[in-house]
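Welcome to the tour. Keep your viewer open and a selection tool at hand, and follow along one stop after another.

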Amino acid sequence: MAVTSDIVASWRQPRAAVRRHLRRGVSEPFVFSLLMVFLIVAFVAQWPLASREAFVAGEPSAAPRILARAFAVLATIPFWYLLAAISRLAAKALGGQGSWYSARLALFWALTTITPLMLLQGMVAGMVGPSAGYWLVTGGLALAFFGFWGVMLHEVERG
């Protein structure tokens, strides 16, 4: 399946989607590519806000702000791996039967699954700015992420 089809399928049946990815076998390039998909979309989602901030500040170009966001997004890579490791340790303490790989897969696939909401959040931030609508979308994004991650982590730790 294409990543976009998998994302749609994950919104309907997240357990089945993560199981399908587990059946592919262990592939570090695959899980890293999922993280990269998330990071690229997260970066692109920041462009409208960077443009808005540059316009409000009277700057001629948003390029410096966009470049800063690119470096910031790349700097989060170790954080995501650390978060996956912490989630694996927590799951193991609770009797989880998964692996380090499955914990990374669950986290990175949950991140990839919420990318459509990240794009929506970026559009709202850029067009509306800080408002009730922005916070509503951000809250929905957080709930979706934690919900998907929890369901997927539980599924991969079942053994």
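This is a predicted model: local features need pLDDT of at least 70, side-chain atom pairs count only at pLDDT 80 or more; totals for chains, interfaces and linings use all residues.

Leaving aside residues up to four places away in sequence, Leu-111 touches Leu-35, Phe-38, Trp-80 and Phe-145.

Now widen the selection to the largest nonpolar core, a set of 38 residues. Leu-111 is among the members that touch the most others, together with Leu-35, Phe-38, Trp-80, Leu-107 and Phe-108. Which elements give two or more residues to this core? Color these to see them: α2 (14-23), α3 (28-45), α5 (63-75), α6 (77-93), α7 (100-113), α8 (115-127) and α9 (132-157).

Next, select α4 (residues 47-56) along with α8. Their axes lie 7 Å apart and pack at an angle of about 10°. Because angles under 35 degrees count as roughly parallel, α4 is roughly parallel to α8. Show the side chains where the two helices meet: α4 brings Pro-48, Leu-49 and Arg-52, while α8 brings Gly-122, Met-123, Ala-125, Gly-126 and Met-127. Sorted by class, this contact has 5 nonpolar, 2 polar and 1 charged residues.

Finally, zoom out to the whole chain. The C-alpha trace spans about 55 × 30 × 25 Å along its principal axes. Of the 159 residues in the chain, 43% are buried. Among contacts between residues at least 6 apart in sequence, 74% join residues at least 24 apart.

Conventions
Residues are numbered from 1 along each chain as its sequence is written. Side-chain values use heavy atoms; hydrogens and water are left out. A nonpolar core is a set of buried Ala, Val, Leu, Ile, Met, Phe, Trp, Tyr and Cys residues joined through side-chain atoms within 4.5 Å. Buried means under 20% relative accessible area, exposed over 50%, partly exposed in between (1.4 Å probe, protein chains only). Helices (H or I, at least four residues) and strands (E, at least two) are DSSP runs, numbered from the N terminus. Contact means heavy atoms within 4.5 Å. Axes are lines fitted to C-alpha atoms, for helices over the stretch in contact, and angles run from 0 to 180 degrees between N-to-C directions. Angles under 35 degrees count as roughly parallel, over 145 as roughly antiparallel, 65 to 115 as roughly perpendicular and the rest as oblique. Ala, Val, Leu, Ile, Met, Phe, Trp, Tyr, Cys and Pro count as nonpolar, Asp, Glu, Lys and Arg as charged, and the others, Gly among them, as polar.
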